[in-house]
Amino acid sequence: MHMVKRREEYSQYRSFIELNHLPEDLCDEIMAHFHASHRDSMVAQERILAGLCASLQVDRARFLYREIVGNINVFGGCSDSFLDALCVVVSEVHFNPEEPLFETSVHATELLMIVAGGAETFVDSPAGEIKDGEYEEGCA
């Protein structure tokens, strides 16, 4: 399935959940079903992408991610050529609610850009986990 179509379908799933005011555990199950049902198509897409010439890969990346990358706050003021180059190394990943994204004590090797939804960071303390920050769409 094409990434744009997958993104639209993902948004439809999220809208369905929000409109029906479903309980959180049911929401998690519905979204897990969405992710599981799209795993095989992702493998096939990666194989097709790997077979494309470099110029087509760049054009595809620019089409899919240029607007998204341009709306991320940390990239404000960057040149168009930098943003276009950044699009080539972007890979789209979906996370389930409450799924850990990273550990703050581990050296980062990736930059996460929040396109939909949000994320919270927590730190360990003697009193337990304490919320340390909140990030919304458009943050990196």
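Helix H3 (residues 54-70) and helix H4 (residues 80-89) have axes that come within 8 Å and cross at roughly 115 degrees. An axis here is a line fitted to C-alpha atoms, for helices over the stretch in contact, and angles run from 0 to 180 degrees between N-to-C directions. H3 is therefore roughly perpendicular to H4 (angles under 35 degrees count as roughly parallel, over 145 as roughly antiparallel, 65 to 115 as roughly perpendicular and the rest as oblique). Helices (H or I, at least four residues) and strands (E, at least two) are DSSP runs, numbered from the N terminus.

The model is predicted: local features need pLDDT of at least 70, side-chain atom pairs count only at pLDDT 80 or more, and totals for chains, interfaces and linings use all residues. Residues are numbered from 1 along each chain as its sequence is written, and side-chain values use heavy atoms, with hydrogens and water left out.

On the H3 side of the contact (heavy atoms within 4.5 Å) are Val-58, Ala-61, Arg-62, Tyr-65, Arg-66, Val-69 and Gly-70. They meet Asp-80, Leu-83, Asp-84, Leu-86, Cys-87 and Val-88 in H4. Sorted by class, this contact of H3 with H4 has 8 nonpolar, 1 polar and 4 charged residues. Ala, Val, Leu, Ile, Met, Phe, Trp, Tyr, Cys and Pro count as nonpolar, Asp, Glu, Lys and Arg as charged, and the others, Gly among them, as polar.

Next come the aromatic rings. A search of the whole structure finds 1 aromatic pair. Phe-75 and Phe-82 form this pair, which is tilted, with 6.3 Å centre to centre and 55 degrees between the planes. Rings of Phe, Tyr and Trp (its six-membered ring) pair if their centres lie within 6.5 Å; planes under 30 degrees apart count as stacked, over 60 as edge-to-face and the rest as tilted. Phe-75 counts as buried because its relative accessibility is 10%, whereas Phe-82, at 40%, is partly exposed (buried means under 20% relative accessible area, exposed over 50%, partly exposed in between, with a 1.4 Å probe and protein chains only).

Two single residues remain. Thr-121 lies in strand S1 (residues 118-125) and counts as buried at 8% relative accessibility. Leaving aside neighbours within four places in sequence, Thr-121 is in contact with Phe-102, Ile-130, Lys-131, Asp-132, Gly-133 and Tyr-135.

Cys-139 is found in the segment after strand S2 (128-136). At 19% relative accessibility, Cys-139 also counts as buried. Not counting residues up to four places away in sequence, Cys-139 touches Ile-72, Asn-73, Leu-112, Met-113 and Ile-114.
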